[in-house]
Amino acid sequence: MSLENVSPEIARFASDVRRALAHLPADQIAELTGDLEANVTASVADGSPIPDVDAYVAELLSAAGLGLPSPVPHNNKKTFVEAVAVLRRAVRGLEPMWWLLRAFLFVVIIGELTTNFDVSSAGTRYIAVAGSQWLGIFLLGASIVGSVWWGRSRFVLPSWAEIGLAAVLVLFGALTIRDELRVAELAASSLGYGDHGGQCAGLGYDSMGRIGLPTDPVPDLVGLTSEEADQAIVMWGRGVVMLNVTFPGPTLPMVSEDAASDMVVSRQSDPYLVAGSCPYVSIDVELDGHTSLSTTTSTIDPSMTSSTVVDATTTSLLVTETTSPLGRVPTQTTAPGTPSTIAPSPVPGVPTTTQREG
Amino acid sequence: MSSSPDSTQLLKGVLDLAVLAVLSSEDGYGYDVVRRLREAGLRDVAEASVYGTLRRLFADGFLSSYVVPSDEGPHRKYYALTPNGRSHLVAQAAVWRDFSQAVSALVDSAGKD
């Protein structure tokens with residue numbers, strides 16, 4: 001009998017029946033079950049359900065004039081066999097969940113192999129493939145379909161291969177997810193409410209490691225040379241504000257830093273937060289108008305939320321956390337009672353929440 | 001025929017005869033016999049009991065079998081009556097007629113008066 005056209009359920013049923021007939025001589029089992037798959041397949045095709053194994057075997061044996069299996073003397077063995085059967089049924093019930101999980105893990109691993117590390121996408125990268133979340137979602141859908149199809153098909157790998165594949169998926173998938181969570185946590189903490197402890201404390205940071213922006217207005221750097229601008233920012237920024245000087249772009253690619261120090265700032269950006277183990281605030285400046293502003297500030301997403309903490313004791317401004325799907329950018333606000341002198345928020349119209357510490 | 005345990009009990013007694021009768025007109029494979037019995041009105045017939053009966057009649061020499069390859073599905077084992085099976089059918093049919101006539105007469109007379 002050829003087995004290629006037998007559904008997995010019927011193949012399972014047939015093997016259960018043969019197991020239940022195991023007390024008979026092999027030739028009798030072969031005679032009784034030689035056509036089993038063909039018959040049940042035809043019956044199921046006619047709309048009948050797959051029969052109950054025990055009732056089926058009892059009918060088969062009594063009609064064939066053969067005895068029912070004598071009560072097994074070793075009751076423990078029977079109980080064990082039954083327990084294994086119950087366990088197998090339970091595991092089989094969980095199979096569809098495994099089909100979904102392995103599809104997800106597959107996409108996670110493919111994403112890990114094809115996507116470059118990027119703090120801003122930490123935590124959302126699980127299903128990004130080649131840097132694209134849409135590609136990831138598409139691949140996830142395709143993987144689920146494929147995984148379920150495979151699970152329901154008759155195409156079965158040898159069990160060692162299946163177990164090996166599952167182990168690889170689970171191991172690498174779990175490692176990837178763990179790393180991802182760690183990166184996400186790191187990214188959140190380096191921008192957050194002082195998870196650095198004393199690590200970043202000092203000039204420009206408070207004892208909690210948070211950035212305190214000066215309450216003075218951001219100096220106007222336009223018209224200054226880059227060297228003067230640098231000094232002005234060092235004076236103003238107390239060590240937590242850096243200038244991101246973009247050299248005149250493609251037209252003068254070989255310009256040195258010394259040469260650039262004489263160039264004049266033509267534009268400056270609003271301050272924005274740069275993530276890191278000790279986060280800092282950066283201001284992009286454009287020299288001589290040859291370069292465009294760093295693209296960092298162009299990734300601001302209006303949907304982001306921001307929050308600003310005001311330190312009650314120093315009334316210094318604390319830029320804390322802004323989160324955005326695309327990037328993290330600070331929002332400034334003035335401490336209560338302080339005249340508003342700081343440059344406007346890089347994202348006009350975005351509501352800021354202000355809370356008091358302590 | 002209703003699906004009652006009674007009919008199932010009755011079926012057991014006459015299944016040999018019914019299977020032999022089905023196969024006397026045309027050879028058939030396992031499920032084919034089931035289907036023909038059901039079409040004839042024995043809707044309660046349990047598949048496994050038919051397969052067991054086929055196996056027993058085969059072992060008793062009343063049936064022969066041959067395998068027919070099938071393109072779409074598993075190969076099928078066809079059963080055919082042997083000469084022995086045919087004479088057994090004739091003898092059993094006579095027993096059945098006598099038996100059923102007697103029972104029918106009894107049941108009919110119980111229905112009257």
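This is a predicted model: local features need pLDDT of at least 70, side-chain atom pairs count only at pLDDT 80 or more; totals for chains, interfaces and linings use all residues.
Colleague: Why is A:Val281 called buried?

Modeller: Buried means under 20% relative accessible area, exposed over 50% and partly exposed in between, with a 1.4 Å probe and protein chains only. A:Val281 has a relative accessible area of 0%, so it is buried. A:Val281 lies in strand β5 (residues 280-287) of chain A; strands are DSSP runs of E with at least two residues, helices are runs of H or I with at least four, and both are numbered from the N terminus. Of the 358 residues of chain A, 37% count as buried.

Colleague: What makes α2(B) largely enclosed by the rest of the structure?

Modeller: Seven of its 10 residues are buried, so α2(B) is described that way. The buried residues are B:Gly30, B:Tyr31, B:Asp32, B:Val33, B:Val34, B:Arg36 and B:Leu37.

Colleague: Why is α2(B) called oblique to α3(B)?

Modeller: Helix α2 (residues 30-39) and helix α3 (residues 47-59) of chain B pack at an angle of about 120°, with their axes 9 Å apart. The axes are lines fitted to C-alpha atoms over the stretch in contact, and angles run from 0 to 180 degrees between N-to-C directions. Angles under 35 degrees count as roughly parallel, over 145 as roughly antiparallel, 65 to 115 as roughly perpendicular and the rest as oblique. The angle therefore makes α2(B) oblique to α3(B).

Colleague: Which residues of α3(B) make the contact with α2(B)?

Modeller: Contact means heavy atoms within 4.5 Å. From α3(B) there are B:Glu47, B:Val50, B:Tyr51 and B:Leu54, and the residues from α2(B) include B:Tyr31 and B:Leu37.

Colleague: Which residues of the largest nonpolar core touch the most other members?

Modeller: A nonpolar core is a set of buried Ala, Val, Leu, Ile, Met, Phe, Trp, Tyr and Cys residues joined through side-chain atoms within 4.5 Å. Of its 44 residues, those are A:Leu21, A:Tyr56, B:Val19, B:Leu37 and B:Leu54. The largest share, eight residues, comes from helix α1 (residues 5-25) of chain B.

Conventions:
Residues are numbered from 1 along each chain as its sequence is written. Chains are lettered from A and ligands numbered from 1 in the order in which they are written. Side-chain values use heavy atoms; hydrogens and water are left out.
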